Amino acid sequence: MREKNVLMDEAAMNRALVRVAHEVIERNHGVDKLVIVGIQRRGVPLAKRLADNIGKVEDCQIPVGVLDITFYRDDLSLLNEQPTLNNTDIPFMITGQHVILVDDVLYTGRTARAAMDAVMDMGRPKTVQLAVLIDRGHRELPIRADYVGKNVPTSSSEAVQVHVQEFDWENRVVLCEK
């Protein structure tokens with residue numbers, strides 16, 4: 001893929017996550033019963049950063065979990081005969097909590113649907129909300145994010161890549177030509 005332009009640099013990513021943190025606090029009237037779950041892979045470091053930002057504002061520690069949706073995907077048979085499994089680690093109860101699912105890019109909505117199915121199998125949350133760094137449109141399912149770092153209209157011949165320090169040795173978002 002050929003890189004077309006940088007959509008967000010590290011500073012812009014940080015500003016977006018701080019803004020989203022304030023929106024989460026405001027919408028939930030504080031942080032009571034709030035938990036954050038990052039969707040493997042790049043949603044996980046973004047979830048941790050969001051939780052840190054909320055914690056700084058509210059002077060508390062927000063529980064963060066890690067969710068692997070591999071077996072909940074509707075395209076599992078198309079991906080690979082032996083799909084790569086990542087770790088799921090939800091060290092808290094889901095039932096009765098306000099669950100904020102965090103992912104890097106919202107595209108068709110299928111990942112978010114799979115994540116909601118996985119969360120519901122773990123308990124009955126009070127609410128499930130979706131936070132994404134980038135919403136690029138092209139939904140195939142009636143799903144929308146509650147919190148968006150940046151809306152980026154794209155064509156189907158483009159891809160959005162979120163780079164995070166933990167996996168890519170840098171923090172930025174780029175638009176690429178497929």
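Modeller: Let's start with helix α2. Its buried residues are G43, V44, P45, L46, A47, R49, L50, A51, N53, I54 and G55. Keep in mind that this is a predicted model.

Colleague: What covers the buried residues of α2?
Modeller: Several elements do. The cover includes the helices α1 (10-27) and α5 (165-168). It also includes the strands β2 (34-39), β3 (64-67), β4 (98-106) and β5 (127-135).

Colleague: How far apart are the end C-alpha atoms of α2, and what should its residues span?
Modeller: The helix runs over residues 43-58, which is 16 residues.

Colleague: What comes just after α2?
Modeller: D59, with a positive phi of about 55 degrees. D59 is not a glycine. It sits in the loop between α2 and β3.

Colleague: Is D59 buried or exposed?
Modeller: Exposed. Its relative accessible area is 72%, and the cut-off for exposed is over 50%, so D59 qualifies.

Colleague: Which other non-glycine residue has a positive phi?
Modeller: H138 has one, near 70 degrees. H138 is in the loop between β5 and β6 (147-151). It counts as partly exposed, at 35% relative accessibility.

Colleague: New topic: H163. Where is it found?
Modeller: In strand β7, which covers residues 158-163.

Colleague: Buried or exposed?
Modeller: H163 is buried, because its relative accessibility is 15% and the cut-off is under 20%.

Colleague: And what does H163 touch?
Modeller: Leaving out residues up to four places away in sequence, H163 touches M13, D168, E170, N171, R172 and V174.

Colleague: Which side chain makes a polar contact with the side chain of H163?
Modeller: That of E170, at 3.1 Å.

Colleague: How far is H163 from Y72?
Modeller: They are 91 residues apart in sequence. In space they are 24 Å apart, C-alpha to C-alpha.

Colleague: Last thing, the cysteines. How many disulfides?
Modeller: The count is 0.

How values were computed: Residues are numbered from 1 along each chain as its sequence is written. This is a predicted model: local features need pLDDT of at least 70, side-chain atom pairs count only at pLDDT 80 or more; totals for chains, interfaces and linings use all residues. Side-chain values use heavy atoms; hydrogens and water are left out. Helices (H or I, at least four residues) and strands (E, at least two) are DSSP runs, numbered from the N terminus. Buried means under 20% relative accessible area, exposed over 50%, partly exposed in between (1.4 Å probe, protein chains only). Contact means heavy atoms within 4.5 Å. A polar contact is a pair of N or O atoms within 3.5 Å; within protein, one must be able to donate a hydrogen and the other to accept it, and residues adjacent in sequence count only if both atoms are side-chain atoms. A disulfide is a pair of cysteine sulfur atoms within 2.5 Å. The expected span of a helix is 1.5 Å times one less than its number of residues.
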